[in-house]
Amino acid sequence: MNNRTRKKIAAAAMAAGLGAGAMAFAGPLGIARTVAYGLSDGRFSGKREYAYYGFVRVEALVKSGKLADVRVLEYPNDNGRSHYINSVALPYLVQEAVDAQSFRVDVISGATFTSEAYMKSLQEALRQAGA
Amino acid sequence: MGMPITVVIPDRERMDGPPPGAWFPTADAAADAVFGYFREVDARFSPYLPESETSRIDRGELLPQESSSEMREVLRLSEETRTLTNGYFDVRCGGRFDPSGLVKGWAIARAAKILDRDGFISFCIEAGGDIEARGASDEGAPWRIGIRSPFDPSKLIRSISLHNRGVATSGTYIRGPHIYNPLTGGRPQEIASLTVIGPNVYEADRLATAAFAMGQAGIQFLAGFPDFETYMVEWSGTATFTPGFARYFTS
């Protein structure tokens, strides 16, 4: 890369690993941060969080003061609203099998959406556990 | 969950010729202005910050008509998007207010305007996986953008080449449990991710969000929009795409 090219990556809070009992959370643009240690043992349900196409709700299992497992209690399901879709002529579409490949790329497009609702629900569950 | 923001500005003089005036900022200063703008957007719109306008509107402490002009614009665009998507995109649902689904693409598009104003022709801005790609990369070629695998976030499944377009991906890297709709006895969630290329990142983002909500019908909904191409990945491992999407594949 040319040395006058400017490439900046803002500091990103990333999940530090569920099993380690430490989590990082961030707002839509990655600023807020919470780290959870020394939790009370038990099962804690998070709030239902809206993910635009339904709700996400998780339950945290805390063992020996650490986050041991996360169970998804509720997950978006689109079927209930399908009848709102305008009837359109079925377009011509192409199919292929998905396969992981190596590419040299400048930047990556990927989803963050439901995972944000998941993290918000989990954050609430951990707050109840005393994080 | 984090949201890294990437701003790439290739060497302007080499890419786009000398700046038309001495007052143009350096790439460093322009990138700093973009990050400053994203921090302002976060402070105003984050549902995670208790004093943001979003949180105050959600708690009923701030009336939408008394909010900032930026918030009022987001509210107006949210309403327009709700209508455009037959109600699939809605910032008010379940008694909560959260415009995050529109703000990301909107903020990237506004940040691109900052660089436009500063005279930059070639740049790429990415926030949370949504991208505005202008001009050319520092190799003088279209921007090469990887599409992340929903099965393994460390892997890519496709690469696309973009020039003056936006791209957004909606989806999840958490496979949902097999919840069946009790009313219809219907199938579980099958869509893993939905990638939309559009004329800019704002349009791509809002339509990707709404179309993902529609499940398998989303790609058909988007096929009705000229100037948009869609790539849908199902948990089965099959990808379905509009024929025009193949034009963007990096060979």
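These legends describe close-up views of a predicted model. Local features need pLDDT of at least 70 and side-chain atom pairs count only at pLDDT 80 or more, while totals for chains, interfaces and linings use all residues. Residues are numbered from 1 along each chain as its sequence is written, and chains are lettered from A in the order in which they are written.

**View 1. A three-stranded open sheet has the order S7(A)-S6(B)-S7(B).** Its pairing is mixed. Strands are DSSP runs of E, at least two residues, numbered from the N terminus; two of them pair if DSSP finds at least two bridges between them. Strand S7 (107–109) of chain A and S7 of chain B are the edge strands, each pairing on one side only. Neighbouring strands are turned by 35° against each other on average, direction ignored. Axes here are lines fitted to C-alpha atoms.

**View 2. Strand S6 (residues 143–148) of chain B runs antiparallel to S7(B).** Six bridges join the two. Trp143(B) has Leu162(B) in S7(B) as its bridge partner.

**View 3. Asn164(B) has a positive phi of about 55°.** Asn164(B) is not a glycine. The residue sits in the loop between strands S7 (156–162) and S8 (165–171) of chain B. Asn164(B) counts as partly exposed because it has 15 C-beta neighbours inside 10 Å. The cut-offs are 20 or more other C-beta atoms within 10 Å for buried, 12 or fewer for exposed, and in between for partly exposed, with C-beta atoms placed from the backbone.

**View 4. Asp227(B), a residue other than glycine, has a positive phi near 80°.** Asp227(B) lies in the loop between helix H7 (218–223) and strand S10 (229–234) of chain B. Helices are DSSP runs of H or I, at least four residues. With 10 other C-beta atoms within 10 Å, Asp227(B) is exposed.

How values were computed. Axes are lines fitted to C-alpha atoms, for helices over the stretch in contact, and angles run from 0 to 180 degrees between N-to-C directions.
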